[in-house]
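I opened this notebook to record what I looked up in one structure.

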Amino acid sequence: MREPAFWYRPPSWTSRLLTPLGAVYGLIAAARLRSRGFDAGIPVLCVGNYHTGGAGKTPTVLALTRLLRDLGETPVVLSRGYGGRLQGPHQVDWSRDIAADVGDEPLMLALTVPVVVARDRVGGVALARAQGATVIVMDDGFQNPAIGKDSSFIVIDSDRGLGNGRVFPAGPLRAPLAPQLDRTDALIVIGAGSAAVAVATAVAARGKPVLSARLKPDAASLEALVGKRVLAFAGIGDPGRFFRTLRDAGIDVARERVFADHHPFSPGEIEALVAEASRDGLTPVTTEKDLARLRGGDGGMKPARGIVPFGVTLEFDDVARLRKFVVEQLFSARGKNHRPHD
């Protein structure tokens, strides 16, 4: 879906009219947050956000799994598989699966880390443990009560913040902010903007760490685009962040095309984009998540080649602090009386 523009503007008549619905939705969501959830028997680290749409969860999951591997852990990512047809539990196979079956984010993640998709998250835990997981990293699911979380890392974009600060459908929040703050173990602020300052201050006041990070373009992506003018297109939660990241990297973005989050590109749409770029001497570029939706079952592009994926890596300003925090969370989780599920 496309996010309504009024979500990221000062409160309007539209948001005010929808506020009563948001109050009902918020009561239900807050009650769900209080649920303890199923004990997975191994540490569960959740990467989520307070609002709908994109904030940088996927690069955060990748950064966290890299750190866990450096610590000698065997992380497995657990995802609902949003946008995919499979109910699961199913271990994603990058070489055989397609985004229409497992979702674009799980498919992208599976290129570097084991991923299990499951509508029934409890069943997903069982499969993850069967694959040898010593720790589960939940991609999203902060507001979902099915699985108990040992630690929740909340990601927020420093340029967008929380928009008008109202609960869905009056605004982008998935639940009232206060109970979400109470269950936040660490806040990760991506970028150098100021829209997340109030949230960061509230998290810090609760004695929780606030970690700063930034998206760094991959060297291969920059090399493929140096000196070229590009047609950039994206169907993600925040296409604007993608376009800003391109420009911040010195790439000449001549044209932008925006699609809804998780948009299932048709062959005709891709052919039209590639033809437009070719006609005007532009290089078509998109996100790695969007590119995952363009793969066929044989791992090839459908239907057009020549689209450049723009990869990014999340880099933390204080890696030592993140590492120390993760170690503490794992130690604390393993000190609890987890019920075995072997």
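The entries below concern a predicted model.

Entry 1, the sheet. I looked up the strand order and found an open sheet of four strands, E10-E9-E11-E12, with parallel pairing. Strand E10 (252-258) and strand E12 (308-310) are the edge strands, each pairing on one side only. I noted an average twist of 35° from one strand to the next. Strand E11 (residues 283-287) and E12 run parallel and are joined by three bridges. In this pairing, threonine 286 stands opposite proline 309 of E12.

I found helix H9 (residues 239-248) lying across strand E9 (229-234), E10, E11 and E12, at about 170° to E10. Helix H10 (residues 267-279) also packs on the sheet, where it touches E9, E10 and E11. The direction of H10 makes about 165° with that of E9.

I searched the whole structure and recorded eight aromatic pairs. One of them is tryptophan 7 with phenylalanine 168, edge-to-face at 5.9 Å centre to centre and 75° between the planes. Tryptophan 7 lies in the segment before helix H1 (13-33) and phenylalanine 168 in the loop between strand E6 (151-157) and helix H6 (177-182), so this pair ties together parts 161 residues apart in sequence. Ring pairs link Trp7, Tyr25 and Phe168 into a cluster.

I found the charged end of arginine 160 over the ring of tyrosine 8, 4.4 Å from its centre. Arginine 16 lies over the face of tryptophan 13, 5.6 Å from the ring centre.

Conventions
Residues are numbered from 1 along each chain as its sequence is written. This is a predicted model: local features need pLDDT of at least 70, side-chain atom pairs count only at pLDDT 80 or more; totals for chains, interfaces and linings use all residues. Side-chain values use heavy atoms; hydrogens and water are left out. Two strands pair if DSSP finds at least two bridges between them. Helices (H or I, at least four residues) and strands (E, at least two) are DSSP runs, numbered from the N terminus. Axes are lines fitted to C-alpha atoms, for helices over the stretch in contact, and angles run from 0 to 180 degrees between N-to-C directions. Contact means heavy atoms within 4.5 Å. Rings of Phe, Tyr and Trp (its six-membered ring) pair if their centres lie within 6.5 Å; planes under 30 degrees apart count as stacked, over 60 as edge-to-face and the rest as tilted. A charge sits over a ring if NZ of Lys or CZ of Arg is within 6 Å of the ring centre and within 35 degrees of the ring normal.
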